[in-house]
Amino acid sequence: MTADSKPLFDKEPEIRVGLHTDGAPLLVPLGEYDLTPDGESVIYTPLNERSAILLENQLIGVGFHWQHTVPGLFFGRIEVSRPGSGWRTLNILPVERYLEAVTGSEMNPAAPIEFLKAHAVISRGWALSRILGKGSENASENTQANDKDRIIKWEDGGDHTDFDVCSDDHCQRYQGIPRSVLDDNGREVPNSVAATRATRGLVLTDADGNIADTRFSKCCGGHTELFSTCWQDADKEYLPAQPDPWCDLSDMSASGREAFLQLILKDYDREKYVPQDWQVTVSGGEIRERLMAVYGVDPGKIRGLEAVSRGPSGRIRELRIQGSLRDIVIGKELAIRRLLHPRCLYSSAFHIECDADSFRLHGRGWGHGVGLCQIGAARMAQQGYSFADILNFYYPGTSLTQLYD
């Protein structure tokens, strides 16, 4: 917004979240709830602020290597319906309550508070943009080119049809509120909740006063990436590709690194975490099968893989797959990662070594690398930097702006 425009919000808004479930939602009300049938839906309405619902079969990490089912506690209203053959489970609640859960879902709720403050700010901006419908230019799936020889596509957390955001990594993680928030017996409020409350209403805005597009990833691998490597061909000044010395943990002792990762990562992220450098082997036959299954294109026997273009971090933007029948170029970053591994590669920042009918990929980092690096930002907080310092490093040229009290 500009200086003479109306405020975007005159009070804290509500957000509508689509919850992923493993089959029919298994819901257990904890506290006082009103249960109301509404046409083809059932609505669970809490009768006080302490009441919550336990969702026993929440599905997280959908389509990634950490996919599994976990229980989660949720505040606010729950609406369950069954359009068609599937299930739709919506959670409607105040956005700050939503963010208390997001901050503790993306990272360990006990992570350094200045890091979690920074995360609350960027997660809030992302969520409010979706409430305002600002994700329409970043539709959930876009195809720039799609023919037999060139497939360029990307996925984004754009607008959903029936809700503002979903509960998984496609948007941002929302896996329920830490249980201690429900406790009135003097238990300490988790850092994730304290950080969200301390930054209430704060977002980053760009030079024109608009809410900034505050992307983030797990580990940039030593260098952040440009927006255009992963999504539309339009870069943003406040999302630079730059060296990031903070995400390199090689100067830590093994025990120090383990303690740091235990402090900042969720348990399943810690189990799947790899050092900055990783290695994966994929067969040509697997690549051919996935090309045929996903895109309906048969390149023939895979003879080679070649990076056509890379972003400044080394992430491959376009990959040429050399086959006996035809060559196929595929992009962008996430499409490459999904093609080369059934549960998605850690990143597209890899070099290729051919070994007979297989390809050994030597890679760096975890995620797209655009914007804030969660590992690097947590290390900055550990070293004494404030949340404002962290945000200024990863989103230079933005301003902290309070949208509501």
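Start by selecting helix 8 (333-340), where the buried residues are Glu333, Leu334, Ala335, Ile336, Arg337, Leu339 and Leu340. Here buried means under 20% relative accessible area, exposed means over 50%, and partly exposed is in between, using a 1.4 Å probe and protein chains only. Seven of the eight residues of helix 8 are buried, so this helix is largely enclosed by the rest of the structure. Helices (H or I, at least four residues) and strands (E, at least two) are DSSP runs, numbered from the N terminus.

Before moving on, keep in mind that this is a predicted model, in which local features need pLDDT of at least 70 and side-chain atom pairs count only at pLDDT 80 or more, while totals for chains, interfaces and linings use all residues. Residues are numbered from 1 along each chain as its sequence is written, and side-chain values use heavy atoms, with hydrogens and water left out.

**Either side of helix 8**

Next, select lysine 332, in the loop between strand 17 (327-331) and helix 8. The peptide bond that joins glycine 331 to lysine 332 is cis, with omega near 5°. Most residues other than glycine have a negative phi, and most peptide bonds are trans. Show tryptophan 154 as well: lysine 332 lies over the face of its ring, at 5.2 Å from the ring centre. A charge counts as over a ring if NZ of Lys or CZ of Arg is within 6 Å of the ring centre and within 35 degrees of the ring normal. For another case, select lysine 236, which lies over the face of phenylalanine 227 at 4.7 Å from the ring centre.

Now go to cysteine 344, in the loop between helix 8 and strand 18 (350-355). Cysteine 344 is not a glycine, yet has a positive phi of about 80°; at 4% relative accessibility, it counts as buried. Then pick alanine 356, in the loop between strand 18 and strand 19 (358-364). Its phi is also positive, near 60°, but alanine 356 is exposed, with a relative accessible area of 67%.

**Aromatic rings**

Rings of Phe, Tyr and Trp (its six-membered ring) pair if their centres lie within 6.5 Å; planes under 30 degrees apart count as stacked, over 60 as edge-to-face and the rest as tilted. By this rule the count comes to eight aromatic pairs. Select tyrosine 346 and tryptophan 366, an edge-to-face pair with 5.2 Å centre to centre and 85° between the planes. Tyrosine 346 is in the loop between helix 8 and strand 18, tryptophan 366 in the loop between strand 19 and strand 20 (372-373), and the two are 20 residues apart. Both tyrosine 346 and tryptophan 366 are buried. Elsewhere, select Phe74, Tyr98 and Tyr174, which ring pairs link into a cluster.

**Cysteine 219**

Select cysteine 219, in the loop between strand 13 (216-217) and helix 4 (227-230). Which residues does cysteine 219 contact, leaving aside its neighbours within four places in sequence? They are Cys247, Tyr273, Arg315, Gly365, Trp366, Cys373 and Ile375, where contact means heavy atoms within 4.5 Å. Cysteine 219 is buried, with a relative accessible area of 2%.

**Two packed helices**

Finish with helix 1 (residues 95-106) and helix 3 (residues 191-198). At the meeting of these helices, Glu96, Leu99, Glu100, Thr103 and Gly104 of helix 1 face Ser192, Val193, Thr196 and Arg197 of helix 3 in contact.
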